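This report describes a two-part question of fold and contact, beginning with the chains and ending with the place where they meet.

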Amino acid sequence: MNLLKSYIFPRLVQWVIVILIGTTVTFIIPRFSPVNPVDVVMASLASYQTTDPQAMLKLKESLEDMMGLNENIFVQYFKFWGRLLKGDLGPSLARFPIPVIRVIGNAMPWTISLLLIATILGWLLGMVLGTFAAYYSHKSWSKILQVVIMALYPVPYYVMALILLMIFAYIFPIFPLFGGVGIGLKPSLSLNFILSVIKHGFLPAVSIILVSIGWRFMSQRALTSTLLSSDFIVYARIAGVRNRKILFYLFRNSLLPQATDLALSLGGIFSGALITEVVFSYPGLGQILYSAILQGDYNLVIGISVFSIIGVATGALIIDLLYPFLDPRIRYS
Amino acid sequence: MKIIKDLFKYDKRFSVGFIFVVLILFMAILSFFPPYDPTIPHTFPRDLSPSLKHILGTNSLGQDIFWILTIAVRNSLIIGGISAVISRTLAILIGSLAGYLGGRVDRVISTVCDSFVVIPRLPLLILFAFIFRGFLNPLSMAILLGFLDWAWPSKRYRSQILSLKESEFTNTARFSGAYTLEIIAEEHMPFLLSYVVADSISGFIWAIGMETSLSVLGLFDLSIPTLGTTIYWANYYKSMLLGIWWWIGSPVGALIITVIGLYLLSVGLGDFLDPKVRLQRLSK
């Protein structure tokens, strides 16, 4: 009960605040637009198909009604939330009349699985490498590793993805140039399909891992160096505890700050994944966001923004809620 | 000057970063003295590979890539610089308000900060750039980026200030009768300053990366050469598939040199300016 009140409840409040701020910003930005969103939509619709003017006028009215542009901004805001809670984000304009929510729903599994694997692997790898590099800081491989990661860390996600694509798909065609699965393969549980998915997802995942590992590695190395001079490690060393065991102690003790940090850096990794997906034409949220930009699909861009904020906030919340399992102090407080 | 010389000698990271940054700055300065207007298309034969006459070759539009790149580097640096100044000013203000005032102010600011840290910024930026498409110039882009990048640094400034406030020398200063402002200016500033310098450069790097991401998606004014828009046009004309590697390779290479150079410089400078590291070095 205490845990609920002192730990879980504040996290939930934070989660609500994040979503509130995020969606409010996505609501406000379009209102500052120098152009009327309805006109933008009408113009982009007119470029796809020719309909009779009568129908276009009707559509314009219903769009204005849907976006509620004729009403007071506060009424608009509440209506926006009302629709959002029902999961209604309007129809996609480029893929009319498929609802935005369905377009996002189709892309979601790709992004989530790619992100989940890349984030967890990047996090663990960064921590393990960081711990080793700090523990064996005098070894030459540790120094080389440090230089390599230092050179990788500031590289933007886009450039990393582009370089990997150039090298491993274009110059040495080991991996496919684009897509999430081989052409013509139907989703099934066959070995062929799964192998194809892994092959297509490999480079995007590696490029996310390579960039996100940098910060993790360096913060873990710094954390471990401080831990190395703490009493319990010094004692363990004097007592002749095996290296393996000490490394485990170091790892276990840096798990907590790194879990908090992961929750906070989730937004950055997610943004990077969007860009990576665009480079690899991976069929996730990033890819549909890119096509929405190209096609001027106003509803879809807003929908993806709102969804990514909710998604990332929820991801961070889940990590926070897993925290008591890692930290006995919170569990028994 | 002597400091730079010393740092150059003893800190490898700094020397590599310094060389890279000087290289990039030199390119940016060159952009003011082009032998001809490099933005005009069809000045030269198309798709020439790098040669002595055209160091980085020409592109499919018949422009000299090197001279275009000088302008691109300059514009990207300007965007990064302005954005870093804005975001770090905001961050210092907000962070020190939370850190020094403490109590309820701190709790409110921290909650808001934590929320902004979690929100993924790229979708917001894309939404903004999408809706204001055609209205973004380098200045407004820099301001926009600056206003989105204060949450992380202000959180870190706050925690730095909190640990400084708890430190022994702060208490010593207080008990010997120093005023609060005096303590902040004379005792805390040297620590914070090193942090601000290193951190501003990382803001710089972030802004350049974000500008590239937005431009590559076609969400920036594509007639203005920046590192991002140069990559956009190279992609647009399928330079990679056509084997014109020098077109796509040049901006990508320049971008990598810029970010790695700036990053190494920030690490070297941060260590050099940090009183804690300096004390450690003295005691060795």
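## Chain organisation and contacts

Among contacts in chain B between residues at least 6 apart in sequence, 70% join residues at least 24 apart; two residues are in contact if their C-beta atoms, placed from the backbone, lie within 7 Å. This is a predicted model, in which local features need pLDDT of at least 70 and side-chain atom pairs count only at pLDDT 80 or more, while totals for chains, interfaces and linings use all residues. Residues are numbered from 1 along each chain as its sequence is written, with chains lettered from A and ligands numbered from 1 in the order in which they are written.

The C-alpha trace of chain B spans about 75 × 45 × 30 Å along its principal axes. In chain A, residues 24 or more positions apart account for 73% of the contacts with a separation of 6 or more. The table lists the element counts and the buried share of each chain. Helices (H or I, at least four residues) and strands (E, at least two) are DSSP runs, numbered from the N terminus. A residue is buried if 20 or more other C-beta atoms lie within 10 Å of its own, exposed if 12 or fewer, and partly exposed in between.

| Chain | Elements | Buried residues |
|---|---|---|
| Chain A | 13 helices, 0 strands | 36% of 333 residues |
| Chain B | 13 helices, 0 strands | 46% of 284 residues |

Within chain A, the axes of helix H10 (residues 243–280) and helix H11 (residues 285–295) come within 7 Å and cross at roughly 70 degrees. H10(A) is therefore roughly perpendicular to H11(A), a term that covers angles of 65 to 115 degrees. Axes here are lines fitted to C-alpha atoms over the stretch in contact, and angles run from 0 to 180 degrees between N-to-C directions. Residues in this contact include A:Leu274 and A:Val278 of H10(A) and A:Leu289 and A:Tyr290 of H11(A). By class, the contact holds 7 nonpolar, 3 polar and 1 charged residues. Ala, Val, Leu, Ile, Met, Phe, Trp, Tyr, Cys and Pro count as nonpolar, Asp, Glu, Lys and Arg as charged, and the others, Gly among them, as polar.

The loop between H10 and H11 of chain A contains A:Ser281. Phi of A:Ser281 is near 50 degrees, a positive value in a residue other than glycine. A:Ser281 is partly exposed, because 19 other C-beta atoms lie within 10 Å.

Between the chains, 33 residues of chain B are in contact with 41 residues of chain A. On the chain B side, H5(B) gives the most, with 9 residues. That side has 25 nonpolar, 6 polar and 2 charged residues.

Notes:
Angles under 35 degrees count as roughly parallel, over 145 as roughly antiparallel, 65 to 115 as roughly perpendicular and the rest as oblique.
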